[in-house]
Every structure is written in structure tokens, then in C-alpha cells.
Amino acid sequence: MKWWWMVGGVVIASLLTINAQWYGNAATFGVPIGWIIMLLVLAQFRKPTSTPWAVSVGVMSVGVAILLSIPSYSLAEAEETLSKTYNDVEYMESVPTTGGEWNPFSPRVGYRFETESGDSILFIPDSGKTFEL
């Protein structure tokens, strides 16, 4: 197995783990994962003399895609922001949301929190807007 397949697999597994644990599956890592897979397949057909150029372009494009895919608020940041307004908020689940526009880097998930009084609050991780449910 070539080294780039192992590096690609580790990066993909890391992105999926970070998305599940830090962002409640709100990060849109589908684009960078797709690009990583495409680059791994294209690496099979590269010329041996173009390796440094291909690696640098691949790292830059995937890096930019990862930065664009990260939402503005992680679960911990959202909980901290809500705890300033509401008393004792607790993360319950990630809820699918719909948006008016198609953007591959815009999260399609909102964080649902519950307050100690039993109210449900939807927190949009990209904008920081909250909605009481």
C-alpha cells in the first residue's frame, strides 16, 4: 500500500471523528473528503516527476476546503454561549435543518439544547442564531 493511501485514510478518519465529537456532525466535511478520495485516485496516474507539485496543490486545496467546512460554533462554544442567556443548558441532539440556498460548506444541522425549565432551544452553528422550540 502506498503512503498516500495511508495518510488519506488517517485524515478522513480524523475528520469524521472530529466532526462527530466536536461539532455534532454539523461540519460539512463531505467536500474535503471527496477531494481527498479524488486526489488519492489521481495519484495512481501521476508522473513521478510531478510529486512535489501534486502534493502541495492537494494539501492546499484540501486545507482550504477543511477550513471552509468548519462551522463557527462547536458544541462546547454553543453551550457556553447559551449558558450566558439561559440557566443550565444541556445538549440533547443534532437536528437536521433546511436552508434557503444550496451551499456545500453551510451546515445542515442545528444543535438542540434543553434548559432546566424544559424549554428546547435550536442553535444554528454557522450563524449563532437561536430559536425556541
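Let's start with the lining of the largest pocket, whose residues divide into 18 nonpolar, four polar and one charged. Here Ala, Val, Leu, Ile, Met, Phe, Trp, Tyr, Cys and Pro count as nonpolar, Asp, Glu, Lys and Arg as charged, and the others, Gly among them, as polar. Please keep in mind that this is a predicted model, in which local features need pLDDT of at least 70 and side-chain atom pairs count only at pLDDT 80 or more, while totals for chains, interfaces and linings use all residues. Residues are numbered from 1 along each chain as its sequence is written, and side-chain values use heavy atoms, with hydrogens and water left out.

**The pocket.** The largest pocket has a volume of about 620 Å³. A pocket, on a 1 Å grid over the protein atoms alone, is an open set of points where a 1.4 Å probe fits, with protein on both sides within 12 Å along at least five of seven lines; lining residues have an atom within 4 Å of a point. The volume is the space filled by probe spheres set on the points, which are joined across faces, edges and corners. In total, 23 residues line the largest pocket, and L39, A54, V55, G58 and V59 lie nearest its centre. Helix 1 (3-22), helix 2 (30-43) and helix 3 (51-69) each supply at least two residues of this lining, with helix 3 giving the most, 10 residues. Helices (H or I, at least four residues) and strands (E, at least two) are DSSP runs, numbered from the N terminus.

**The patch.** On the surface, W3, M6, V7, V11, V55 and V59 form a nonpolar patch with about 530 Å² of accessible area together. Such patches join nonpolar side chains (Val, Leu, Ile, Met, Phe, Trp, Tyr) within 5 Å, using residues with over 30% relative accessible area and no salt bridge. Areas come from the Shrake-Rupley method with a 1.4 Å probe, and for residues only the protein chains shown count as cover. Helix 1 and helix 3 each supply at least two residues of the patch, and the largest share, four residues, comes from helix 1.

| Residue | Relative accessible area | Class |
|---|---|---|
| W3 | 48% | partly exposed |
| N25 | 48% | partly exposed |
| D88 | 53% | exposed |
| K84 | 67% | exposed |
| E93 | 38% | partly exposed |
| R112 | 17% | buried |

**Two loop residues.** Most residues other than glycine have a negative phi. N25, in the loop between helix 1 and helix 2, has a positive phi of about 60° although it is not a glycine. D88, also not a glycine, has a positive phi of about 50°, and is placed in the loop between helix 4 (75-85) and strand 1 (90-96). K84 sits in helix 4; its C-alpha atom is separated by 41 Å from that of G58, 26 residues apart along the chain.

**The salt bridge.** With a salt bridge taken as a side-chain nitrogen of Lys or Arg within 4 Å of a carboxyl oxygen of Asp or Glu, the count comes to one. The side chains of E93 and R112 meet in a salt bridge at 3.1 Å, N to O. E93 lies in strand 1 and R112 in strand 2 (residues 109-114), so the pair ties together parts that are 19 residues apart in sequence.

Technical notes. Patches are made of residues with over 30% relative accessible area and no salt bridge: like charges are joined within 9 Å, nonpolar side chains (Val, Leu, Ile, Met, Phe, Trp, Tyr) within 5 Å. Buried means under 20% relative accessible area, exposed over 50%, partly exposed in between (1.4 Å probe, protein chains only).
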